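Subject: Structure handover, cavities and aromatic contacts

Hello,

My notes on what was found follow below.

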Amino acid sequence: MMRTSVNRYVVTRPLYTEDAFIKEHEKVHRQHKTMLDHIKQYLTCDGKRVRNALLSLLPIIAWMKIYRLKEWLLGDVVSGVSTGLVAVLQGLAYSLLASLPAWYGLYAAFFPVIIYFFLGTSRHISVGAFPVLSLMIGVVVNRMVPENGPPANITAFEGLTMNEQRAIVAASLTFLIGIFQLAMGLLQVGFIVIYLSDTLISGFTTAAAAHILVSQLKFIFGLHVQGFSGPLSVIYILEGVFGQITSTNLHDLVTSIVVMVVVLTVKELNERFKSKLPVPIPIEVIMTVIACGVSYAFSFKEYYGVDVVGRIPDQFEAPMAPDLQVFRETSVDAFPMAIVGFAVAFAVAKVYSIKHDYVIDGNQELIAFGASNIFGGAFRSLAASTALSRSSVQESTGGKTQVAGVLSAMIVLVVILALGFLLEPLPKSVLGAVVIVNLKGMLMQVCHVPSLWKKDRPDCVVWIVTCVASILLGLDLGLAVGLGAELIAVVFRTQCPRCCVLANIAGTDIYRDRKDYTSIYEPEGVKIFRIPSPIFFANIDFLRGKLIDAVGFNPLRVLRKRNKALRKIRKLLKKGELTLIWQFQDLTYSEDESSIEDLDLPTDFSDLPVQVNWRAELPANISVPPVDIHSLVLDFSAVSFIDITALNGLKMALKEFIRVDVEVYIVACDPYVFEKLKSCEFFDDEIKTSIFFLTLHDAMLHILQINPPLSVSEKVSKLQHCKGFSVTTTLYDGLFNI
């Protein structure tokens with residue numbers, strides 16, 4: 001029965017153990033599917049499953065059916081044109097990160113977009129080159145085809161120029177990235193992205209931004225610096241840049257500074273007045289056009305030695321088959337690239353799906369990006385992901401679907417086939433400046449570190465370790481180190497959880513950490529120990545240690561001391577040197593010959609005329625550690641699972657307490673955990689199912705029924721009989737007033 005008022009409720013119900021509750025309330029029997037049932041269901045085919053599979057594989061069918069032509073088309077057209085212009089510029093710029101001629105970045109803004117249009121589930125991300133992924137590809141390209149030194153021993157390299165060799169490496173690597181992504185999508189392992197936390201991705205992308213910034217310095221200063229890869233490559237590149245700093249091309253430097261200042265200023269204005277502007281000002285495109293015009297008019301390349309984009313072919317290169325030798329050399333590099341590319345794209349897609357209220361499918365996104373990269377790799381494209389700045393343009397300019405993406409690809413197509421020659425005089429320093437400006441968001445993540453340290457120090461350590469390792473060791477090794485740090489942080493949190501001793505808030509059935517409140521009462525002789533995590537092999541010893549600290553004694557040590565004391569008492573009684581009122585001659589203690597294992601067994605009073613009261617005063621030369629509690633309550637409300645190793649450790653710990661006359665109770669145990677304890681033969685003659693109670697308060701009321709509070713006179717009498725050792729329990733006010 002429950003009576004309610006505005007701010008109070010009163011419940012009257014029986015006191016429940018788990019056994020009593022199950023007996024009174026019949027459970028519904030559910031038939032759980034076996035592995036064979038799941039396999040049969042997966043292999044069953046009917047018309048509905050075929051239809052759902054087709055809609056899942058081709059999401060375009062679903063959103064095309066609801067396409068609002070009059071409302072969405074204009075926004076998609078404006079968005080497609082705006083995004084296409086940005087994609088052209090970023091494609092040219094990001095190809096420099098991959099150490100490739102500029103036009104290969106344009107391919108990344110065309111071929112993958114077409115495939116994603118049909119297979120992707122996100123309606124707002126702009127597919128194409130991603131600076132971090134381009135830089136990771138550039139590391140592999142520089143390793144296999146260095147500027148100074150012989151290339152890798154690849155048969156397909158024979159008779160080719162350096163740029164052609166690098167194009168083969170990048171295209172084959174892109175193809176292999178697509179294979180990994182497609183395989184993961186078909187195997188339904190899209191969940192793998194959850195192991196890349198936001199903190200790890202933030203630290204990794206910040207480090208990648210630092211790498212990108214350093215790699216662009218040679219274009220900003222107009223220097224010819226050898227590319228490096230591997231650990232400490234950032235240090236070597238900086239050494240090369242500053243070693244040639246006196247050879248800086250002032251025209252490149254001034255042009256870069258002007259472009260960066262103007263672009264940063266206008267981007268800030270776009271952000272400040274975005275509610276008033278119909279579309280953001282495409283300042284990168286404007287500055288690119290101006291830079292092209294100025295470079296052509298004043299012959300920057302001929303007269304001032306400025307490095308420009310140069311020839312852009314007005315046709316697509318012939319498709320190529322990937323090189324299997326390159327596969328073998330780059331397979332270790334391709335897998336983390338596949339994960340990083342997908343993780344970033346999925347994170348951006350998830351942001352827009354939540355904002356616009358539609359669902360994205362992680363596994364289908366893997367399939368879409370895998371197919372896009374396989375198709376793009378066959379046409380010598382860079383690996384595709386997404387860039388937040390480009391996706392922001394596509395969404396903020398009114399894009400509603402991937403129709404905007406296809407239109408942006410058409411803009412890129414026009415540039416490749418008809419307008420590419422206009423970009424030939426574009427200084428590479430301008431592209432470098434544009435790249436650096438677009439790094440602002442990633443570099444500014446450093447500012448979040450102090451607040452992250454205040455909020456969550458383990459997460460902050462993961463961020464710092466990932467960032468520093470990625471900068472110094474390279475992005476591939478840095479990502480591995482970051483994953484290791486993240487795993488260690490997870491293990492630390494679960495292996496060393498924050499356990500606490502609970503006490504009652506007077507007049508309620510609420511129990512909280514006794515250290516956190518002033519008006520809180522802990523019943524005498526009772527300890528309530530809360531376990532705030534799953535129990536498994538890695539933390540069972542830690543939890544047992546914390547439990548011993550909480551109760552103030554080691555039950556196994558007490559048990560062994562008691563058994564040793566019993567042996568001493570038996571010897572004294574046998575010799576007639578001890579009477580039942582503890583009068584005996586003072587004898588020295590000698591170690592018993594029995595094995596140490598016998599000391600861990602329950603105390604046996606069968607051959608003694610009386611039981612020994614361990615809480616009374618013992619003979620002077622017999623010392624047993626005191627046990628100040630009569631009941632121990634373990635709060636299992638946060639225990640979601642327990643493994644076999646931990647189960648055995650828990651069983652041993654409970655028996656140790658039971659054998660020293662401490663009643664043990666387990667409360668709020670998850671039904672799954674309770675059933676597992678039953679199936680694993682956890683219960684026996686010493687540990688019974690009756691120690692499990694439905695709630696913590698049920699257990700406390702039961703304890704106070706069998707250990708009622710003593711009056712003042714009873715306490716005094718008890719103290720006199722036990723000579724200073726009290727085992728009474730104090731009932732605090734309000735416990736029964738619930």
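The largest cavity is lined by Phe529, Ile531, Ile535, Ile540, Leu543, Arg544, Leu547, Leu634, Leu650, Ala653 and Leu654. The model is predicted: local features need pLDDT of at least 70, side-chain atom pairs count only at pLDDT 80 or more, and totals for chains, interfaces and linings use all residues. Residues are numbered from 1 along each chain as its sequence is written, and side-chain values use heavy atoms, with hydrogens and water left out.

Cavities

A cavity is a set of points on a 1 Å grid over the protein atoms alone, where a 1.4 Å probe fits but cannot get out; lining residues have an atom within 4 Å of a point. Points are joined across faces, edges and corners, and the volume is the space filled by probe spheres set on them. By that rule the structure has five cavities of 30 Å³ or more.

The largest cavity holds about 90 Å³. Two helices, α24 (540-551) and α26 (644-658), each give at least two residues to its lining. Helices here are DSSP runs (H or I, at least four residues), numbered from the N terminus. α24 has the largest share of that lining, with four residues. By class, the lining has 10 nonpolar residues, no polar ones and one charged. Nonpolar covers Ala, Val, Leu, Ile, Met, Phe, Trp, Tyr, Cys and Pro; charged covers Asp, Glu, Lys and Arg; the others, Gly among them, are polar.

The second largest cavity has about 70 Å³. Its lining is Met136, Val139, Val140, Asp333, Pro336, Met337, Leu475 and Asp476. Six lining residues are nonpolar, none polar and two charged.

Asp333 deserves a line of its own. Asp333 lies in helix α15. With a relative accessible area of 10%, Asp333 is buried (buried is under 20%, exposed over 50%, partly exposed in between; 1.4 Å probe, protein chains only). Beyond neighbours within four places in sequence, Asp333 contacts Val140, Arg143 and Asp476 (heavy atoms within 4.5 Å). Asp333 and Leu477 are 144 residues apart in sequence, yet 9.8 Å apart in space, C-alpha to C-alpha.

Aromatic pairs

Rings of Phe, Tyr and Trp (its six-membered ring) pair if their centres lie within 6.5 Å; planes under 30 degrees apart are stacked, over 60 edge-to-face, the rest tilted. The count is 27 aromatic pairs. Tyr104 and Tyr107 are edge-to-face, because their ring centres are 5.8 Å apart and their planes at 90°. Both sit in helix α6 (residues 103-108), three residues apart, about one turn of the helix. Tyr104 and Tyr107 are both buried.

Phe110 and Phe316 are stacked, at 5.5 Å centre to centre and 25° between the planes. Phe110 is in the loop between α6 and α7 (111-119) and Phe316 in the loop between α14 (300-304) and α15, so the pair ties together parts 206 residues apart in sequence. Phe110 is buried at 11% relative accessibility. Phe316 is partly exposed at 27%.

One aromatic cluster is formed by Trp103, Tyr104, Tyr107, Phe110, Phe111, Phe316, Phe375 and Phe379.

Charges over rings

Here NZ of Lys or CZ of Arg must be within 6 Å of the ring centre and within 35 degrees of the ring normal. Arg311 lies over the face of Trp103, at 5.7 Å from the ring centre. Arg123 lies over the face of Tyr358, at 4.6 Å from the ring centre.

Best regards

Conventions:
On a 1 Å grid over the protein atoms alone, a cavity is a set of points where a 1.4 Å probe fits but cannot get out, and a pocket is an open set with protein on both sides within 12 Å along at least five of seven lines; lining residues have an atom within 4 Å of a point.
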